[in-house]
Amino acid sequence: MSNTRKLFENLSGAGKSIAVLTSGGDAQGMNGAVRAVVRMGIYVGAKVYFIHEGYQGMVDGGDNIKEANWESVSSMLQVGGTVIGSARCSDFRAREGRVRAAFHLVSRGITNLCVIGGDGSLTGANLFREEWSSLLQELVQSGRIDQHSADSNSVLHIVGMVGSIDNDFCGTDMTIGTDSALHRIMEVVDAIMTTAQSHQRTFVLEVMGRHCGYLALVSALACGADWVFIPEMPPKDGWEEQMCQRLSENRLRGSRLNIVIVAEGAIDRRGEHVSSQRVKDNRADKKRLNIIIVAEGAIDSSNKPISAEYVKDLVVNRLGYDTRVTILGHVQRGGTPSAFDRILASRMGVEAVLALLEASPGTPACVVSLCGNQAVRLPLMECVQMTQDVQKAMDEKRFDDAVRLRGRSFENNLNTYKLLSHRKTDTEVPHAEENGGQIEEESQEEGRHDGPFTVAVLNVGAPAAGMNAAVRSAVRVGITEGHRMMAVQDGFEGFAKGQIKEIKWGDVGGWTGQGGSLLGTKRTLPAKHIDKIAEQMRIHRINALLVIGGFEAYLGLQELLAARDSYDPFCVPMVMVPSTVSNNIPGSDLCIGADTALNAITGTCDRIKQSASGTKRRVFIIETMGGYCGYLASVGGLAAGADAAYIYEEPFDIRDLQINVEHLREKMKTSIQRGLVLRNESCNENYTTDFIYQLYSEEGKGVFDCRKNVLGHMQQGGAPSPFDRNFGTKIAAKAMQWISRRLKDFYQEGRVFANTEDSACLLGMRRRALVFQPVTQLKEETDFVHRIPKEQWWLKLRPLMKILAKYRTSYDISDSGQLEHVTRPRARDIEIAITI
């Protein structure tokens, strides 16, 4: 039998009942998870119930527990918060309340419970499960149920999904709602930065975060903050002077902006108040703007609050700055969920239903988590215990342990921030004239270097949001590593023309929030300019190349590698960082820019669907970019709630089109008002967007009418999403660290000479980690004609879109069904996590 298990063969939900509730605080994306649970449950034949108002609704029963149908969750994917309500419930904490809740579930035959909430909500669910047998016996003894009911409902299965903007739950790289909260924060920061260019002001921004510094840390990376305070990393003694010096240095370099971010619960190591000394002397250097971001409820180690007003008073009283306070508050928990959160919630919701259907009486309560790019199941209480261990480590001032326990994503965000936040001085970075030409105290036997290595960075291909964040990261990490960084304008074409100049630390200030490519980028390949490029490599004594771009960058690196036999200048370490909205680079599951494009598609689809509100039934045909790669159409369709997505990788014919039309006709006869169909621009040369529009228009007559829209280059534009800012930042930092190691490896006899296969690599995400892969080895994985990888992970998500759109289809669950265990991080485990 094939190792691919089909859902209909093994996982029937007939006769089972599943209830879904949201508990605790709300978070954007919760509705997407509820929708996925309901539709997947109905899809497999189970009865699905809403429990309104969280545990309070379970305790109160009555109309709070209602059976859901397919239409119950229509048009809720794009809605923030939770439409079934959430409430804190003191009644459920008492045993009597749990007895009442058990009675209401048994009365409806519900023995499968999906809980969407934070660690407190999930811990309560696990206690409920452990007490289930005794609760039923208590109900039998009181005569409220009979023994038969107790026997037929003897086991309660629990599966959790974490919905929290704080991202403070161990075992998952991202919780539902975190990415959307970062979107809200970045929108405010970007708006403040633009308006503040006209005023010499200090801005104080208050953000949430509770006891976890994740939002503050990632916000600091995404906006290029000069300093960040988080509970997991209290500053060392003397931090006031250090931060003052850093802010002053940035102003002296001509920066118009300082940003300081303080996370909720941030403390110093001595328990002292944050001192105004941290910003002294900043007035003298003509800085036009300060932005200080303060997490709601931030405290020092003696539990004295650091409020936005306190910081404002500090700045006004000590420095005399014109200061403004902006308090985001619950804005961070509101608004439309991002594309990332919709996809995450949909994947987790489907996986939660599978976990409930597969559960046996001995299966522990589990939580569906995200690890790298995979949905995994982990024992609920193992994750809760590790989450509690974080707080214990912080209470005991074991801060390094707390950082590691937070997980790979948190640790690597922190390590990357440390790399980028402060330019090392000449005394910290040895130069040839100060160190006798030695690099990091290299001995004569290990080889000598007569000055800093020279590393060139360039963008190649079409522009993509996040490219500038990657360049900024590469430049600053390179300078920190002691290299001389050179910027190449306009890709390989500019390289051949000698458009190369040194780029300094301050030159890339403020680049993280800029869309497009500030270096300029071209699709030109290097082969026809190979002589001139080699000459420029000699002239500028370039020792390594970092290429950031799309498929042209991939092809260009192949051409440079092939030219090594004829041109020695190309015998240097070379690495490519994938950056393209099409997400079509072999060797990487994700590319910089794709998330921003997905958000553009999702937001546009939301507005297009909303335009039909109050009108007659209507179907929209939307064309997306991507070349022959159907990533944007497929994953965008999942995020936007599409009914179909036509792509090159999944061939279709006129019969498939007719089936889709008939499917929409049937749906439109119910309460469904709108339909959405996405088409990848190169999915089929004959079935064009116009053809599909005309077909749907003709066949839908009398039931629905049709509209079309070509999104075009708006998918490439706009400010980068928080994900792309941080993905670009982290992956470029890792690439530069690789270059530094390889330069030392290949430095012999007074020169850098690299002619091995593994000296020209692509850095890409593979499932759960970033991997350096020789580009020559990726040739076998590449369809060069259509410029796509031969195997693409996201194709496994396409059945999810069809299932959630009410199609009957098989679903590959060969990767599901395995309960993993929480891996406690090793002290020196520095593998990077891609999710922000």
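This is a predicted model: local features need pLDDT of at least 70, side-chain atom pairs count only at pLDDT 80 or more; totals for chains, interfaces and linings use all residues.
1. **Overall make-up.** The chain has 836 residues, of which 62% are buried, and it contains 24 helices and 28 strands. When contacts between residues at least 6 apart in sequence are considered, 80% of them join residues at least 24 apart.

2. **Strand β4 and its partners.** Strand β4, covering residues 112–117, is mostly covered, since six of its six residues are buried. Asn-112, Cys-114 and Ile-116 point one way from the strand, while Leu-113, Val-115 and Gly-117 point the other way, and all of these are buried. Strand β4 pairs in the parallel sense with β1 (residues 17–22) over five bridges, and also in the parallel sense with β5 (residues 157–162), in this case over six bridges.

3. **An open sheet of four strands.** Four strands in the order β20-β21-β19-β22 form an open sheet with parallel pairing. Its edge strands are β20 (644–646) and β22 (705–710), each of which pairs on one side only, and the twist from one strand to the next averages 20 degrees. Within this sheet, β19 (residues 618–624) and β22 pair in the parallel sense over six bridges, and Phe-620 has Arg-707 in β22 as its bridge partner. Helix α21, made up of residues 654–668, lies across β19, β20 and β21 (674–680), and runs at about 160 degrees to β21.

4. **Helix α12.** The buried residues of α12 are Leu-380, Cys-383, Val-384, Met-386, Thr-387, Asp-389, Val-390, Ala-393 and Met-394. In general, an α-helix has 3.6 residues a turn, so residues three or four places apart point the same way. The elements that cover the buried residues of α12 include α5 (119–141), β11 (366–371), β12 (374–379) and α13 (399–406). After the helix comes Lys-397, which has a positive phi, near 60 degrees.

5. **Aromatic pairs.** The structure holds 18 aromatic pairs. One of them is formed by Tyr-631 and Trp-793, whose rings are tilted, at 6.5 Å centre to centre and with 55 degrees between the planes. This pair links distant parts of the chain, 162 residues apart, with Tyr-631 in helix α20 (residues 631–640) and Trp-793 in the loop between β28 (788–789) and α24 (798–804). Tyr-631 counts as buried because its relative accessibility is 5%, whereas Trp-793, at 22% relative accessibility, counts as partly exposed. Elsewhere, ring pairs link Tyr-55, Phe-92, Phe-128 and Trp-132 into a cluster.

6. **Charges over rings.** Two arginines deserve a look alongside the aromatic residues. The charged end of Arg-144 sits over the ring of Phe-103, at 4.6 Å from the ring centre, and Arg-808 lies over the face of Tyr-43, with a distance of 4.6 Å from the ring centre.

7. **Ala-465.** Ala-465 is found in the loop between β13 (454–460) and α15 (467–480). Although this residue is in a loop, Ala-465 is buried, with a relative accessible area of 2%. Once its neighbours within four places in sequence are set aside, Ala-465 is in contact with Gly-516, Ile-592, Gly-593, Thr-596, Gln-716, Gly-718, Pro-720 and Asp-724. The C-alpha atoms of Ala-465 and Arg-725 are separated by 8.0 Å, while the two residues are 260 residues apart along the chain.

8. **Arg-472.** Helix α15 contains Arg-472. Is this arginine, Arg-472, buried or exposed? Arg-472 counts as buried, because its relative accessibility is 5% and the limit for a buried residue is under 20%. Not counting residues up to four places away in sequence, Arg-472 touches Gly-224, Leu-420, Val-508, Trp-511 and Thr-512.

Notes:
Residues are numbered from 1 along each chain as its sequence is written. Side-chain values use heavy atoms; hydrogens and water are left out. Rings of Phe, Tyr and Trp (its six-membered ring) pair if their centres lie within 6.5 Å; planes under 30 degrees apart count as stacked, over 60 as edge-to-face and the rest as tilted. Helices (H or I, at least four residues) and strands (E, at least two) are DSSP runs, numbered from the N terminus. Buried means under 20% relative accessible area, exposed over 50%, partly exposed in between (1.4 Å probe, protein chains only). A charge sits over a ring if NZ of Lys or CZ of Arg is within 6 Å of the ring centre and within 35 degrees of the ring normal. Two strands pair if DSSP finds at least two bridges between them. Contact means heavy atoms within 4.5 Å. Axes are lines fitted to C-alpha atoms, for helices over the stretch in contact, and angles run from 0 to 180 degrees between N-to-C directions.
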